[in-house]
Amino acid sequence: MKTPSAVNKIKQLLKDKPEHVGLKVGVRTRGCNGLSYTLEYTKTKGDSDEEVVQDGVRVFIEKKAQLTLLGTEMDYVEDKLSSEFVFNNPNIKGTCGCGESFNI
């Protein structure tokens with residue numbers, strides 16, 4: 001599920017990239033706590049990707065990340081110092097101090 005802020009930001013990002021059909025979300029082993037999110041543009045839906053469509057925005061979840069991201073809400077947050085996509089994941093048991101990685 002994506003918040004309206006995330007949907008609007010994804011629409012804005014894809015507006016200038018007509019060859020891309022959406023964003024792909026994945027999880028990689030990284031950081032001091034084990035896992036980190038990945039986010040990239042994609043031109044096609046992978047055979048094992050799960051597709052989530054909301055308000056015309058397509059997000060694809062890599063197969064190996066699907067269980068990890070179950071129930072996760074994707075948000076886009078802006079403040080005076082930064083702007084970023086944030087994943088509110090109910091499955092997380094712990095995160096590292098810098099927020100770069102998490103464990104389940």
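Guide: Contact means heavy atoms within 4.5 Å. The model is predicted, with local features needing pLDDT of at least 70, side-chain atom pairs counting only at pLDDT 80 or more, and totals for chains, interfaces and linings using all residues. Residues are numbered from 1 along each chain as its sequence is written, and side-chain values use heavy atoms, leaving out hydrogens and water.

Visitor: Which strands are included in what covers the buried residues of H1?

Guide: Helices (H or I, at least four residues) and strands (E, at least two) are DSSP runs, numbered from the N terminus. Buried means under 20% relative accessible area, exposed over 50%, partly exposed in between (1.4 Å probe, protein chains only). In H1, the buried residues are Ala6, Val7, Lys9, Ile10 and Leu14. Their cover includes E1 (22-30), E2, E3, E4 (57-61), E5 (73-78) and E6.

Visitor: Which exposed residues does the face of H1 turned away from its buried side carry?

Guide: Seen down the axis of H1, the buried residues fall within an arc of 165° (taken from the directions from the helix axis to the C-beta atoms), so they line one face. The face turned away from that buried side carries the exposed residues Pro4 and Lys15.

Visitor: Is Val53 buried or exposed?

Guide: Val53 lies in strand E3, residues 50-54. Leaving aside neighbours within four places in sequence, Val53 is in contact with Lys2 and Arg58. Its relative accessible area is 52%, so Val53 is exposed.

Visitor: How far apart in space are Val53 and Lys2, C-alpha to C-alpha?

Guide: In sequence, Val53 and Lys2 are 51 residues apart. In space, C-alpha to C-alpha, the distance between Val53 and Lys2 is 9.3 Å.
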